[in-house]
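Please consult the sequence and the structure shown below while reading.

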Amino acid sequence: MDELYLKDIPVKEMIRAAMEARKKAYAPYSHYQVGAALLTRELRIYTGCNIENAAYGPSICAERTAIVKAVSEGWRKWKAIAIVGGPLGEEISQYAFPCGVCRQVMQEFADPDEFVVIVAKSQEDYKINRLKDLLPEGFGPENVAGSSEGRN
């Protein structure tokens, strides 16, 4: 990843915010807690945690919780997202990559060539990818004929 591009992204602050959000996760079924921190282009951070439901389908991932919070407040231009996750009651020991649905929702609003996805075990141990690398050949607003919505 180009260090110049990352200079405006507070990676460690985002990871810390995602770790705090993870503590609020409601995961009584999977016992897998996830936290996410979404950075807008205006450098505002929106956090989210996974929220499960006994029917499973209505459950929502941490990434989409953060995205929904940002969009519902009018923020639709983003730079990056940090994601942390792991089993309830355990230290984070694995990278928690976003699921396919979350990747698709990210592509709805973010330029896959520029949007940064940070997955972390700690503020010192993390990986950085661009969305295009996690969602190759993704389907976005530009694929829908006549669409003027989506990425602004």
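The largest pocket is lined by Met-19, Arg-22, Lys-23, Gln-33, Gly-89, Glu-90, Glu-91, Ile-92, Lys-121 and Ser-122. A pocket here is an open set of points on a 1 Å grid over the protein atoms alone, where a 1.4 Å probe fits, with protein on both sides within 12 Å along at least five of seven lines; a lining residue has an atom within 4 Å of a point. The volume of the largest pocket is about 180 Å³, taken as the space filled by probe spheres set on the points, which are joined across faces, edges and corners. Its lining has five charged, three polar and two nonpolar residues. In this classification Asp, Glu, Lys and Arg are charged, Ala, Val, Leu, Ile, Met, Phe, Trp, Tyr, Cys and Pro are nonpolar, and the others, Gly among them, are polar.

The model is predicted: local features need pLDDT of at least 70 and side-chain atom pairs count only at pLDDT 80 or more, while totals for chains, interfaces and linings use all residues. Residues are numbered from 1 along each chain as its sequence is written, and side-chain values use heavy atoms, with hydrogens and water left out.

**Helix H2**

Helices (H or I, at least four residues) and strands (E, at least two) are DSSP runs, numbered from the N terminus. The expected span of a helix is 1.5 Å times one less than its number of residues. Helix H2 comprises the 12 residues 11-22, and its end C-alpha atoms lie 16 Å apart, which agrees with the 16 Å that it should span at 1.5 Å a residue.

Which residues of H2 are buried? They are Val-11, Met-14, Ile-15, Ala-17, Ala-18, Ala-21 and Arg-22. These residues cover an arc of only 160 degrees around the axis, and therefore lie on the same side of H2. The arc is that of the directions from the helix axis to the C-beta atoms, and buried means under 20% relative accessible area, with exposed over 50% and partly exposed in between (1.4 Å probe, protein chains only). An α-helix has 3.6 residues a turn, so residues three or four places apart point the same way. The buried residues of H2 pack against strands S1 (32-40), S2 (45-49), S3 (78-87), S4 (116-120) and S5 (126-130); contact means heavy atoms within 4.5 Å.

**Helices H3 and H4**

Helix H3 is mostly covered, with eight of its 11 residues buried. These are Ala-62, Glu-63, Arg-64, Thr-65, Ala-66, Ile-67, Ala-70 and Val-71, and they pack against S1, S2, S3 and H4. Leaving aside neighbours within four places in sequence, Arg-64 is in contact with Ser-59, Val-101, Cys-102 and Val-105. On the same terms, Thr-65 is in contact with Gly-48, Cys-49, Ile-51 and Ile-60. Just after H3, Gly-74 takes a positive phi of about 95 degrees.

In helix H4 (residues 100-109), the buried residues are Cys-102, Arg-103, Met-106, Gln-107 and Phe-109. Their arc of only 165 degrees around the axis puts them on the same side of H4. They are covered by elements including H3, S3, S4 and helix H5 (131-134).

**Individual residues**

The table lists relative accessibility for several residues.

| Residue | Relative accessibility | Class |
|---|---|---|
| Trp-78 | 3% | buried |
| Thr-65 | 12% | buried |
| Arg-64 | 18% | buried |
| Glu-114 | 36% | partly exposed |
| His-31 | 40% | partly exposed |
| Leu-43 | 49% | partly exposed |

Trp-78 is found in strand S3. Apart from neighbours within four places in sequence, Trp-78 is in contact with residues including Leu-38, Ile-67, Val-71, Met-106 and Phe-115. The C-alpha atoms of Trp-78 and Tyr-26, 52 residues apart along the chain, are separated by 26 Å. Glu-114 lies in the loop between H4 and S4, and its C-alpha atom is 9.7 Å from that of Asn-129, 15 residues away along the chain.

Most residues other than glycine have a negative phi. His-31, in the loop between H2 and S1, has a positive phi of about 60 degrees although it is not a glycine. Leu-43, in the loop between S1 and S2, is likewise not a glycine and has a positive phi of about 70 degrees.
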